[in-house]
Amino acid sequence: MALMEVALPSRGLTASPEFASYCFGKFRLCLATRQLWREDAQVALSSRALDLLAAFLRAPGVVHSRDELMRQIWGTVSVLDSNLTVHLCLLRRALGSDRGLIATVPGRGYQFIGVVTSSQGTAAPASKNPTRISLWVPQFRPLGACARFAAFGRAVPKAVHVALARNSGIRLVSAEIAESGEARADWRLEGCYQATDERVRVTAELVRTSDGSICWADCRDFAAADRFALHDEVSSWLSKAVSQRMDALRT
């Protein structure tokens, strides 16, 4: 049997009174015109694939089951389950190297794992050269004896860089470049840590390089049992906090 898309009106995934567009990485989805842009170039996308993307962007981080997505996109109309698979493939293909933003959660469904910002702006395409804020993450300093976690402070910058790599609004400056004076970052994320056998306390500050002012600071405790899990938890916390502050500074 040949697979075909049922020609139905969109199920309300157009501009809402809350938001007119969603931005993630180099992409902007304009709901008013139902168009997807990558920087200043429009990306061809089927109507159903666009509806799927809108559903993901309205609830980033939420795991959507296949049944839930079928209900959102096709409602009570009976269509082949393979329709969802086809349009998911089309959507991922349209995202190109960013296709991994739509993750498959085995046995549960699908999840959008990127950072999403929303606005009431117009349907204009994203700027080709958006303002980018540069950031330097120096090594985190140990306080007191931390022999077991001697490498932790060196691992934090790399882990944060990986976590922030998808944020197109932040230009990451390597330690080598920053310390050599060849480039000066707008901001630096600096911090320190204390450790016991069970816990690691991490303190961090986001500092403006030009005047030393602090726009964010926090302190959190983490379990020390698994050092890889520790790196993931700390980098997730820091990258989310930095992304939120940097996004606010650009608005």
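Sheet and helix packing

Reply: This is a predicted model. It has an open sheet of 3 strands in the order E5-E7-E6, and the pairing is antiparallel.

Me: Which strands stand at the edges?

Reply: Strand E5 (63-64) and strand E6 (102-105) do. Each has a single partner strand, so one side of each is left without a neighbour in the sheet.

Me: How many bridges join E5 to E7?

Reply: 2 bridges, with E5 and strand E7 (residues 109-112) running antiparallel.

Me: And what stands opposite His64?

Reply: Tyr110 in E7.

Me: OK, what does H1 touch on the sheet?

Reply: H1 packs on the sheet and touches E5, E6 and E7. The direction of H1 makes about 65 degrees with that of E7.

Me: Which strands does H3 touch?

Reply: H3 also packs on the sheet, touching E6 and E7. Its direction makes about 140 degrees with that of E6.

Me: Switching to the helix pair. At what angle do H1 and H3 pack?

Reply: About 80 degrees, with the axes of helix H1 (residues 47-58) and helix H3 (residues 82-95) 9 Å apart. Angles from 65 to 115 degrees count as roughly perpendicular, so H1 and H3 are roughly perpendicular to each other.

Me: Which residues meet there?

Reply: From H1, Arg48, Ala49, Leu52, Leu53 and Phe56. They meet Leu84, His87, Leu88, Leu90 and Leu91 in H3.

Me: How do the residues of that contact divide into nonpolar, polar and charged?

Reply: The contact of H1 with H3 has 8 nonpolar, 1 polar and 1 charged.

Notes
Residues numbered from 1 in each chain as written. Predicted model: local features only at pLDDT ≥ 70, side-chain atom pairs only at ≥ 80, totals over all residues. Heavy atoms only, no water. Axes fitted to C-alpha atoms, helices over the stretch in contact; angles between N-to-C directions. Helix = DSSP H or I, 4+ residues; strand = E, 2+ residues; numbered from the N terminus. Parallel < 35°, antiparallel > 145°, perpendicular 65-115°, else oblique. Contact = heavy atoms within 4.5 Å. Nonpolar A, V, L, I, M, F, W, Y, C, P; charged D, E, K, R; others polar. Pairing = 2+ DSSP bridges.
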